[in-house]
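Q: Got a chain loaded here and want to walk through it. Can we go piece by piece?

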Amino acid sequence: QLLADQPVAHPPGTTVTVRRLFENVPARLAVIRNERAETTEIVRVVHRLALAAPHVRFTLVIDARTALTTSGCGDLRTTALEVYGAQLAEAFRELEPYEVAGARVRGLVTAPELTRGSRNHLHVIVNGRWTQPRTLLALVETAYRPYLPRGRHPILILVLETAPELVDVNVHPAKLEVRLRAEREIAQALGQRLSGLLARTPRALT
């Protein structure tokens, strides 16, 4: 029962509280996985939001336990360490900013020794939006292939800024996938820089 719908005072920021999600939506409830899997997906989404907006302070609390806190300092490296853990400080390599095809590109990549078993840690932020440009990601993985074991993937946080008219956001119903007008040109330049950076990165002896 809705008791009132009116403006109310709130401290700076936004608080979202979720309880018994989809309880009254049988179609969605039927395809929900177990609680652990759903919680993992929530954490993944908030991680993506935090990396896309390092200037925003995020706190994620799950069952009275703080799962994530970011400082909102605006620095991408700091936010990456808040998301992935300070122990990875030495693993991240800075991708020097460059411009190509009307886009400015910068980011962080991990050394070949630090890998993950899925592509969930490939983050491409286009004009402040977390996205999945397929061609670009495919060429990123091509650049990494000589350095990684089969089935392993890097952590990549790529920030791309370009004119809105050079980005097609109507590729996927969920708006997660985008297409850049000069995507192949941008991806090829990125692949070359990644290959050069990885070739200069000292390898740990195992």
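This is a predicted model: local features need pLDDT of at least 70, side-chain atom pairs count only at pLDDT 80 or more; totals for chains, interfaces and linings use all residues.

Q: How many bridges join β5 to β6, and do the strands run parallel or antiparallel?
A: Three bridges join β5 to β6. The two strands run antiparallel.

Q: And the sheet around them: in what order do the strands come?
A: The order is β3-β4-β7-β5-β6. That is five strands in an open sheet, with mixed pairing.

Q: Which are the edge strands?
A: β3 and β6, the latter covering residues 129-131. Each of these pairs on one side only.

Q: What does the twist average from one strand to the next?
A: It averages 20 degrees.

Q: Which strands does helix α3 lie across?
A: α3, residues 76-84, lies across β3, β4, β5 and β7. Its direction is at about 135 degrees to β3.

Q: And α4, what does that lie across?
A: β4, β5 and β7. Here the angle of about 135 degrees is to β5.

Q: Back to α3. At what angle do α2 and α3 pack?
A: About 165 degrees, with the axes 9 Å apart. α2 spans residues 35-52. An angle over 145 degrees counts as roughly antiparallel, so α2 is roughly antiparallel to α3.

Q: Is the crossing of α2 and α3 left-handed or right-handed?
A: Right-handed.

Q: Which residues make the contact?
A: From α2, His47, Ala50 and Leu51. From α3, Leu76, Thr79, Ala80, Val83 and Tyr84.

Q: Take Leu136. What is it in contact with, leaving aside neighbours within four places in sequence?
A: Val124, Leu158, Leu160, Leu180, Glu183, Ile186, Ala187 and Leu190.

Q: Ile62 is in β1, then. Which face of β1 is it on, covered or uncovered?
A: Covered, along with Leu60. Thr59 and Val61 make up the uncovered face.

Q: What stands opposite Ile62 in β2?
A: Arg65. β1 and β2 run antiparallel and are joined by four bridges.

Q: What's the phi of each?
A: Asp63 has a positive phi of about 50 degrees. For Ala64, phi is near 70 degrees, also positive. Neither residue is a glycine. Most residues other than glycine have a negative phi.

Q: Are Asp63 and Ala64 buried or exposed?
A: Exposed. Relative accessibility is 66% for Asp63 and 80% for Ala64. The cut-off for exposed is over 50%.

Q: Another loop. Where does Val169 lie?
A: In the loop between β8 (167-168) and β9 (179-180). Val169 counts as partly exposed, at 26% relative accessibility.

Q: What is Val169 in contact with, beyond neighbours within four places in sequence?
A: Arg129, Lys175, Glu177 and Val178. Arg129 is the residue we began with, as the partner of Val126.

Q: How far apart are Val169 and Pro133?
A: They are 10 Å apart in space, C-alpha to C-alpha. In sequence they are 36 residues apart.

Q: Last bit, the whole chain. How many helices and strands?
A: Five helices and nine strands. Of the 206 residues, 38% count as buried. The C-alpha trace spans about 60 × 45 × 35 Å along its principal axes.

Notes. Residues are numbered from 1 along each chain as its sequence is written. Side-chain values use heavy atoms; hydrogens and water are left out. Contact means heavy atoms within 4.5 Å. Two strands pair if DSSP finds at least two bridges between them. Axes are lines fitted to C-alpha atoms, for helices over the stretch in contact, and angles run from 0 to 180 degrees between N-to-C directions. Buried means under 20% relative accessible area, exposed over 50%, partly exposed in between (1.4 Å probe, protein chains only). Angles under 35 degrees count as roughly parallel, over 145 as roughly antiparallel, 65 to 115 as roughly perpendicular and the rest as oblique. A crossing is left-handed if the near helix is turned anticlockwise from the far one by less than a right angle, and right-handed if clockwise.
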